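Let's take a friendly walk through a protein model. Have the sequence and the 3D view ready as you read.

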Amino acid sequence: MKLEISQAVKEALRQKTPILALESTIITHGLPYPQNYEIALELEEIARSHSVTPATIAILQGRAHIGLTTKEIKELSLEGKKKYKFSAYDLPIAFGLGLTGSTTVAGTSFLAEKAGIKVFATGGLGGVHKEHLTRMDISNDIKALSETPLVVVSSGAKCILDLESTVEALETFGIPTLGWKTNIFPAFYYNDSGIKLNYQVENGDQVASVAKELNKSALLVFNPVPKEAELPKIYVETLIEEASNEAKKLGITGKEVTPFLLNFMRQKSKGRTVETNCALIRSNVRVACEISHSLSKL
Ligand code: PSU
Ligand code: MN
């Protein structure tokens, strides 16, 4: 495996200034063009405005790119689902066969950590799917995060999942979790999942002092969606129910499940879920910037 590290990221690594990893599955599979392109650039801009170097990660022709150019982001945005979605376990195949595609939370975390990046911001984690009792479906995100020591800021797991089981799986895999100014596990589009978190932090310095004790697993920091962008729980539950029924009817399985459910909800809600998704990820980037500054002070 050879990492193609961009000039800006190389410079930041050399100077030990804060760097923030960003995933690319939201670009290829999460949002339609041009929103995917616009949000990808906007997230990078938010990081820069906080004096943090953004490193959007993807695999281009079998090479892991840590930090993409605007042109590369545009190409991935335009190609969308025609490109692969690479989880951590896909990486040897992507490298060996010279493939091009985006990286999920699992794939991005793995590569970010290899490059020496300590913080990664995303929207929502993958986890245990609702149908897991009839057909096992647990995202590689969980196992990969349990083996990758870096800080990952998210708004909980995607609410299309069985959240209780997802939180139990985090425990089983031994992944430490912190609530960012909250003691409730956030449910992506809304805040009150009803699941309590054991630990709450109030600032980046606290996260950094936990992060320096990591050895094997990632540290998950859960930042709830900003209040003004939150969707009503009951509305989201109805959308999920419809999406899940449709997925079952069409026999959607494997890697397609998550993108299918999210796209279905986007269409049904006339874009409201996308606005919420963008609001929460912007907020996660800001929190992650604070944490990366705290970490680089250590
Ligand atoms: N956003 C989307 N679609 C996705 C993802 C995000 O709109 O597919 C990705 C995330 O990168 C997350 C992954 O890591 O989905 C989890 O997918 P799976 O359940 O297939 O592991
Ligand atoms: Mn799956």
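## Aromatic pairs

In this predicted model, the count of aromatic pairs comes to five. One of them joins Phe 185 and Phe 222 in an edge-to-face arrangement, with 4.9 Å from centre to centre and 85° between the planes. Phe 185 belongs to the loop between β9 and β10, while Phe 222 is in strand β11, so this pair ties together parts that are 37 residues apart in sequence.

Phe 185 has 1% relative accessibility, so it counts as buried. Phe 222 has 0%, so it counts as buried too.

## A charge over a ring

Now look at Tyr 235: the charged end of Arg 272 sits over its ring, 4.7 Å from the centre.

## An enclosed strand

Next, find strand β3, residues 53-60. Eight of its eight residues are buried, so the strand is largely enclosed by the rest of the structure. Both faces are covered: Thr 53, Ala 55, Ile 57 and Ile 59 are buried on one side, and Pro 54, Thr 56, Ala 58 and Leu 60 on the other.

## The partners of β3

Which way do β2 and β3 run when they pair? They are parallel, with four bridges, and Leu 20 stands opposite Pro 54.

Strand β4 runs antiparallel to β3, also joined by four bridges; here Leu 60 has Arg 63 as its bridge partner. These two strands form a hairpin with two residues between them, and Gln 61 in the turn has a positive phi of about 45°. Strand β6 pairs with β3 in the antiparallel sense over two bridges, and Ser 102 is the bridge partner of Ala 58.

Technical notes
Residues are numbered from 1 along each chain as its sequence is written. Chains are lettered from A and ligands numbered from 1 in the order in which they are written. This is a predicted model: local features need pLDDT of at least 70, side-chain atom pairs count only at pLDDT 80 or more; totals for chains, interfaces and linings use all residues. Side-chain values use heavy atoms; hydrogens and water are left out. Buried means under 20% relative accessible area, exposed over 50%, partly exposed in between (1.4 Å probe, protein chains only). Two strands pair if DSSP finds at least two bridges between them. Rings of Phe, Tyr and Trp (its six-membered ring) pair if their centres lie within 6.5 Å; planes under 30 degrees apart count as stacked, over 60 as edge-to-face and the rest as tilted. A charge sits over a ring if NZ of Lys or CZ of Arg is within 6 Å of the ring centre and within 35 degrees of the ring normal.
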